Amino acid sequence: MQLTDAIHSRISTRGFLNKPVPEATVRQILDLARHAPSGSNMQPWQVHAVSGKRLEEVTQKSLIFAEQNPIGSRKKEFQTPAENITQPYKGRRYAVGMGLYDALGIDRKDRVRRNQQLMQNFYFFGAPVGLFFCIHRSLMPGQLGDLGIFMGNVMLAAREFDLHTCAQGFWQDVQPVLHEVLDIPEDNFIFNGMALGYIDPKHPANSLVSGREDVDVFCQFDGFEQ
Ligand SMILES: Cc1cc2nc3c(=O)[nH]c(=O)nc-3n(C[C@H](O)[C@H](O)[C@H](O)COP(=O)(O)O)c2cc1C
């Protein structure tokens with residue numbers, strides 16, 4: 001697959017087919033992604049790739065945890081407080097959220113269905129594989145950017161195998177469960193989860209088109225002669 005096609009065809013996929021992804025394929029994706037650059041080549045990424053019964057266990061134990069600790073009630077270590085989000089970011093965030101509800105036919109005021117959609121994160125939107133991206137706490141926040149670059153590589157490499165992904169910051173809210181179930185050392189911070197699988201092209205959530213600003217909106221060119 002051409003890089004251009006991989007970039008354009010990647011979407012945050014929120015509806016997957018019930019079709020397994022072999023461990024060998026996940027390995028191939030990670031084998032490509034590991035060529036990501038990182039500060040001083042420290043390669044700070046630690047990944048947990050989970051499938052099958054273990055993934056079900058993550059989901060079930062996380063649901064129980066969330067009953068006692070509602071999503072959003074725990075203070076996240078690296079989250080921009082809502083009151084700090086200014087325009088144009090606030091507007092973009094609102095637009096993509098409402099776009100998703102529109103795609104799913106959820107009334108904006110329907111808190112129950114909105115919450116049901118949020119809960120889909122626990123099920124990795126039906127994907128057969130969940131990836132968790134961790135980093136040693138001693139490298140934070142400096143190397144979080146490296147981890148982001150690595151995750152971007154994973155998302156694009158997945159397209160090479162006709163697979164789709166959805167990054168999930170959501171999982172930061174259930175860190176204690178992940179530490180326990182996946183035996184992740186306490187000094188590793190779980191930065192993001194990611195659903196990985198085959199897209200369900202008929203799922204309405206996947207019809208969402210998230211817009212992007214033009215280059216001139218975010219880049220000021222200086223000093224070029226042509
Ligand atoms: C670091 C990161 C965390 C994200 N966390 C979530 C999440 O928890 N749940 C979710 O449904 N989407 C999540 N997303 C998806 C974003 O909403 C999505 O990337 C954005 O709206 C742009 O849409 P696109 O990926 O389809 O182009 C996340 C994306 C990134 C990059």
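**Close-up 1. Residues around the ligand.** In this predicted model, the ligand is surrounded by Ile11, Ser12, Arg14, Val96, Asn121, Cys166, Ala167, Gln168, Gly169, Phe170, Asn192 and Ser210. Strand β3, made up of residues 164-168, supplies three residues, the largest share of this shell.

**Close-up 2. The crossing of helices α2 and α6.** Helix α2 (residues 23-33) and helix α6 (residues 144-160) have axes that come within 8 Å and cross at roughly 130 degrees. Because angles over 145 degrees count as roughly antiparallel and those from 65 to 115 as roughly perpendicular, α2 and α6 are oblique to each other, and their crossing is right-handed. On the α2 side the contact is made by Ile29, Leu30, Leu32 and Ala33, which meet Phe150, Asn153, Val154, Ala157 and Ala158 in α6. Of the residues in this contact of α2 with α6, eight are nonpolar, one is polar and none is charged. As background to such contacts, an α-helix has 3.6 residues a turn, so residues three or four places apart point the same way.

Close-up 3. Pro88 is placed in the loop between α3 (52-68) and α4, and a cis peptide bond with omega of about 5 degrees joins Gln87 to Pro88. Just after α4, Gly105 takes a positive phi of about 70 degrees.

**Close-up 4. Backbone geometry in two further loops.** Most residues other than glycine have a negative phi, and most peptide bonds are trans. In the loop between β2 (129-136) and α6, where Pro141 has its place, a cis peptide bond joins Met140 and Pro141, with omega of about -5 degrees. Ser40, which lies in the loop between α2 and β1 (46-51), has a positive phi of about 50 degrees although this residue is not a glycine.

Definitions and conventions: Residues numbered from 1 in each chain as written. Predicted model: local features only at pLDDT ≥ 70, side-chain atom pairs only at ≥ 80, totals over all residues. Axes fitted to C-alpha atoms, helices over the stretch in contact; angles between N-to-C directions. Helix = DSSP H or I, 4+ residues; strand = E, 2+ residues; numbered from the N terminus. Parallel < 35°, antiparallel > 145°, perpendicular 65-115°, else oblique. Left-handed = near helix turned anticlockwise from the far one by under 90°. Contact = placed C-beta atoms within 7 Å. Nonpolar A, V, L, I, M, F, W, Y, C, P; charged D, E, K, R; others polar. Near = placed C-beta within 6 Å.
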